[in-house]
Amino acid sequence: MTDPWTLIGAAYALTVAGTLGLALASYLAMRRAEAEAARREK
Amino acid sequence: MHAFANPARFLKLARPLTAWLGWSGALLTALGLAAGLLLAPADYAQQDMARIMYVHVPAAWLGMGGWTGIAIAGLMQIVWRHPLAAVAGRAVAVPGALFTALCLATGSLWGSRTWGTWWQWDGRMTSMLVLLFLYAGYIALAEADRERGGDGRITAIFGLVGAINIPIIKYSVTWWNTLHQKQSIGVAGSSIDGSMMWPLLVATLGFSLLFAAIVLMRMRTMLARQKVEGRLRRLAGA
């Protein structure tokens, strides 16, 4: 049987990586889009 | 809500709020998860495996809460024609789908040891999987509608119809015999001990604030792109 801490570690790693990954991707996309909008406004 | 119908007014509030929600959410999430791993006691029956609760429950809450948000945005779009409602609905879809997938994955890891199986076609797990498929359908439909220049009404209707799955998920453990445990937290109280409850509440609040920050960032991205597209259209028409 798999060690419980391996399963717990996998659950935490998946959740933290998924949340931070999406937050970072959303932040970078926002920065790019707002910079592009500001550039075109000039 | 109509006070924020003007995108400029919305952005004025969203800009400082994004950073505040993001940082406070990250801090509370870190605190809740650390407390869940290091301070909370092991469960008397499930031992340390119950610690998966501190990521599984917030993910389930946000998966279901995300679709509730999509349905409210759909209602606001159809009934009050709120100009930001379609943007809000589309912004919620991807994080909602992510947390639904995380709920299924962490639940599967939890069940692999506690139930002796990674998957079971029971009421709770199947209705949660249906929610993930609904998110996938919503994202595809919203993208197709946006590409053909639609007003998002079809997506709003899809969001409202799909909301029927939310009470099915909630009451699945009552209506059917499932491997999944019955509801532990309700309006009347909780069967979870306080020493395990506070890290769960802190982690859930932290993930919820992070979710809100992600939604605001995605809304800001969509509004900036709409602005660029509108400007390009005006230039092409001039």
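Modeller: In this predicted model, the axes of helix H1 (residues 4-41) of chain A and H3(B) come within 9 Å and cross at roughly 175°.

Biologist: What makes H1(A) and H3(B) roughly antiparallel to each other?

Modeller: The cut-off for roughly antiparallel is an angle over 145 degrees. The crossing angle here is roughly 175°, so H1(A) and H3(B) are roughly antiparallel.

Biologist: Which residues make the contact of H1(A) with H3(B)?

Modeller: From H1(A) they are A:Pro4, A:Leu7, A:Ala10, A:Ala11, A:Leu14, A:Thr15, A:Gly18 and A:Leu22. H3(B) brings B:Pro95, B:Leu98, B:Leu102, B:Ala105, B:Thr106, B:Leu109, B:Ser112 and B:Arg113. By class, eleven of these residues are nonpolar, four polar and one charged.

Biologist: How many residues does each chain give to the whole contact between chains A and B?

Modeller: Chain B gives 31 residues and chain A gives 24 residues. On the chain B side, helix H1 (7-39), helix H2 (53-80), helix H3 (85-114) and helix H7 (194-237) each supply at least two residues. H7(B) gives the most to that side, with 13 residues. The side of chain B that touches chain A has 17 nonpolar, six polar and eight charged residues.

Biologist: Which secondary structure elements does chain B have?

Modeller: Chain B has seven helices and two strands. Read from the N terminus, the order is α-α-α-α-α-α-β-β-α. Of its 238 residues, 44% count as buried.

Biologist: How do you know which way H3(B) runs relative to H4(B)?

Modeller: The axes of H3(B) and helix H4 (residues 123-147) of chain B come within 9 Å, and they cross at roughly 155°. That angle is set against the cut-off of over 145 degrees, so H3(B) is roughly antiparallel to H4(B). The crossing of H3(B) past H4(B) is left-handed. Among the residues in this contact are B:Ala97, B:Ala101 and B:Leu104 of H3(B), and B:Leu132, B:Tyr135 and B:Ile139 of H4(B). The contact of H3(B) with H4(B) divides into 16 nonpolar residues, three polar and one charged.

Biologist: Why is H2(B) called mostly covered?

Modeller: A residue is buried if 20 or more other C-beta atoms lie within 10 Å of its own. In H2(B), 20 of the 28 residues are buried. After H2(B) comes B:Arg81, whose phi is positive, near 50°.

Biologist: Where does B:His82 lie, and does it count as buried, partly exposed or exposed?

Modeller: B:His82 is in the loop between H2 and H3 of chain B. Buried needs 20 or more neighbours, and exposed needs 12 or fewer. B:His82 has 18 C-beta neighbours inside 10 Å, so it counts as partly exposed.

Biologist: How many residues apart in sequence are B:His82 and B:Leu235?

Modeller: They are 153 residues apart in sequence, and 27 Å apart in space from C-alpha to C-alpha. For chain B, residues 24 or more positions apart account for 79% of the contacts with a separation of 6 or more.

Conventions. Residues are numbered from 1 along each chain as its sequence is written. Chains are lettered from A and ligands numbered from 1 in the order in which they are written. This is a predicted model: local features need pLDDT of at least 70, side-chain atom pairs count only at pLDDT 80 or more; totals for chains, interfaces and linings use all residues. Two residues are in contact if their C-beta atoms, placed from the backbone, lie within 7 Å. Helices (H or I, at least four residues) and strands (E, at least two) are DSSP runs, numbered from the N terminus. Ala, Val, Leu, Ile, Met, Phe, Trp, Tyr, Cys and Pro count as nonpolar, Asp, Glu, Lys and Arg as charged, and the others, Gly among them, as polar. Axes are lines fitted to C-alpha atoms, for helices over the stretch in contact, and angles run from 0 to 180 degrees between N-to-C directions. Angles under 35 degrees count as roughly parallel, over 145 as roughly antiparallel, 65 to 115 as roughly perpendicular and the rest as oblique. A crossing is left-handed if the near helix is turned anticlockwise from the far one by less than a right angle, and right-handed if clockwise.
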